[in-house]
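Please look over the chain shown below, which is a predicted model. The report that follows takes up a few selected places in turn.

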Amino acid sequence: MNCPHTAAAPADRGAGTVVIDPLVQDLDGETARLRDAGVLARIDLLGVPAWTVTRHAEARQLLLDPRLVKDIDAWSLWQKGVVTRAWPLIGMIDAGRSMFTVDGAEHRRLRTKTSQALTPRRLEAIRPEIEKFTQELLDALDAARGDDGVVDLKAVFAQPLPMRVVGLLMGVDESQHAMLTRQYKAFFSMLTPQDERLALLAELDVFYTDLVREKTARPTDDLTSALILAEEGGEPLTEEEVVGNLKAMVAAGHETTIGLVLNAVRALLSHPDQLRKVLAGEVGWDAVIEETLRWDTPTTHLLMRFATEDITVGDEVIRKGEGLVVSYRAIGRDIEQHGADADAFDITRPTRNRHMTFGHGPHICPGAALSRVEAGIALPALFTRFPGLRLAVPDEELTKLPVMTQNDMAAFPVLLG
């Protein structure tokens, strides 16, 4: 198996360091090891050392701490040349100038238009389109059954739906969706050689630059045009900034929803008593969505923030220049926040145990509401159309994609009933 590796020297792991598995063979075990390692755990990311926070309360504090920044130039391993562009995860950190890579006033400037384009009013306005896409894909799902009745729920339904929605919002023609899906899949996969990954990033830059220039010449009613057009009295975004925002938004906007929909379906199928409560109307779909987000987070580890000075957390210190990863899956299983049964999927869990899966503070995910709306349409429509939906293989045979940051399955074979 050709698993890429970092050009950096192997980390001095030391006792208690948790190695993050690039092939994601035992996510539950990794989550437990991180949680057992403490509030702050030392981790190894393909040979690169970092900290991760595993508890809800401390994560909330750190995500509000201005001493932790997104600027890669604050990372001592980058400054010293220990980490280079040869490191397979570098494209998630050194991703160009966008609202995802800056802080403070510049972050607010880059984020404002995106937030304005994703208001509740705007999301309600596109709800009919999301419902239309959903019904079309349910028809496609029905038609795609093989001779044995098996169909891949991911490939035919859960994956194309959010790509269509984000494509609608960004003004990306549907003819480009399959290409973008392939590009992002290869970018995130730890089996992609790094030279190919860097070439993919360059190709995506060209694609989005061409899109921005087209929308600059002929603006339409979409987020790309809104990012380009300056508000009166406002400072316009540069071409690089618009491209950076789009590149990251399309990635986050479809990957998160794929994981949310599939993880919710998997959880319900493996907990038939809870599925019956939902189908009987005893528990709402919003409870399914929130419990799935907590219990089986679409994002496992979010890379990365850097300390601009020493930060003490309990008995540990994040030294100036060190990197911090936010391990949302471990945080979602925090016993202190969610109770002794935090490892259990329970859609009747008290609402006071709120999760933090979409982040907290200035960098909270701008597409969180969109993802919830999509899942809130897709899940009930799926089970209404196919109430006898069931897995076509034993649950333990479902495999994760080799992606260190996303909680995604390679395929999701089902029988529609």
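Leu 229 lies in the loop that runs between helix H10 (223-228) and helix H11 (239-269). With a relative accessibility of 48%, Leu 229 is classed as partly exposed, because that class covers values between 20% and 50%. Apart from neighbours within four places in sequence, the residues in contact with Leu 229 are Lys 113 and Pro 219. Leu 401 is 172 residues apart from Leu 229 along the chain, and the C-alpha atoms of these two residues are separated by 38 Å.

## The six-stranded sheet

Six strands make up an open sheet of mixed pairing, and their order is S1-S2-S3-S9-S6-S4. Strand S1 (18-19) and strand S4 (68-69) are the edge strands, each of them pairing on one side only. Helix H2 (residues 56-63) packs on this sheet, where it touches S2, S3, S4, S6 and S9, and the direction of H2 makes about 110 degrees with that of S3.

How enclosed is strand S3 (residues 48-53) by the rest of the structure? Five of its six residues are buried, so S3 is largely enclosed. On one side, S3 pairs with strand S2 (residues 40-45) in the antiparallel sense over six bridges, and within this pairing Asp 44 has Pro 49 of S3 as its bridge partner. The hairpin of S2 and S3 has two residues between the strands, and in this hairpin Leu 46 takes a positive phi near 50 degrees.

Strand S9 (residues 323-327) runs parallel to S3 and is joined to it by three bridges, with Trp 51 standing opposite Leu 324 of S9. S9 also pairs with strand S6 (residues 301-307), here in the antiparallel sense and over four bridges, and Leu 302 has Val 326 in S9 as its bridge partner.

## The three-stranded sheet

An open sheet of three strands, paired antiparallel, has the order S5-S11-S10. Strand S5 (150-152) and strand S10 (390-391) stand at its edges with a single partner strand each, so one side of each has no neighbour in the sheet. S10 and strand S11 (residues 413-415) run antiparallel and are joined by two bridges, and the bridge partner of Arg 390 in S11 is Leu 415.

## Packing of H13 against H16

Two packed helices are described by the angle between their axes and by the distance between those axes. For helix H13 (residues 285-295) and H16, the angle is about 115 degrees and the axes are 10 Å apart, and the crossing of H13 and H16 is right-handed. From H13 the contact draws on Trp 285, Ile 289, Glu 290 and Leu 293, while H16 contributes Arg 372, Ala 375, Gly 376, Leu 379, Pro 380 and Phe 383. Sorted by class, the contact of H13 with H16 has seven nonpolar residues, one polar residue and two charged residues.

His 363 is found in the loop between helix H15 (335-338) and helix H16 (368-385). Is His 363 buried or exposed? Its relative accessibility is 17%, and His 363 therefore counts as buried, since the class takes in values under 20%.

The side chains of His 363 and Asp 103 are joined by a polar contact of 3.1 Å. Leaving aside neighbours within four places in sequence, His 363 is in contact with Lys 70, Met 99, Phe 100, Val 102, Asp 103, His 107, Arg 111 and Arg 305.

Key: Residues are numbered from 1 along each chain as its sequence is written. This is a predicted model: local features need pLDDT of at least 70, side-chain atom pairs count only at pLDDT 80 or more; totals for chains, interfaces and linings use all residues. Side-chain values use heavy atoms; hydrogens and water are left out. Buried means under 20% relative accessible area, exposed over 50%, partly exposed in between (1.4 Å probe, protein chains only). A polar contact is a pair of N or O atoms within 3.5 Å; within protein, one must be able to donate a hydrogen and the other to accept it, and residues adjacent in sequence count only if both atoms are side-chain atoms. Contact means heavy atoms within 4.5 Å. Two strands pair if DSSP finds at least two bridges between them. Axes are lines fitted to C-alpha atoms, for helices over the stretch in contact, and angles run from 0 to 180 degrees between N-to-C directions. A crossing is left-handed if the near helix is turned anticlockwise from the far one by less than a right angle, and right-handed if clockwise. Ala, Val, Leu, Ile, Met, Phe, Trp, Tyr, Cys and Pro count as nonpolar, Asp, Glu, Lys and Arg as charged, and the others, Gly among them, as polar.
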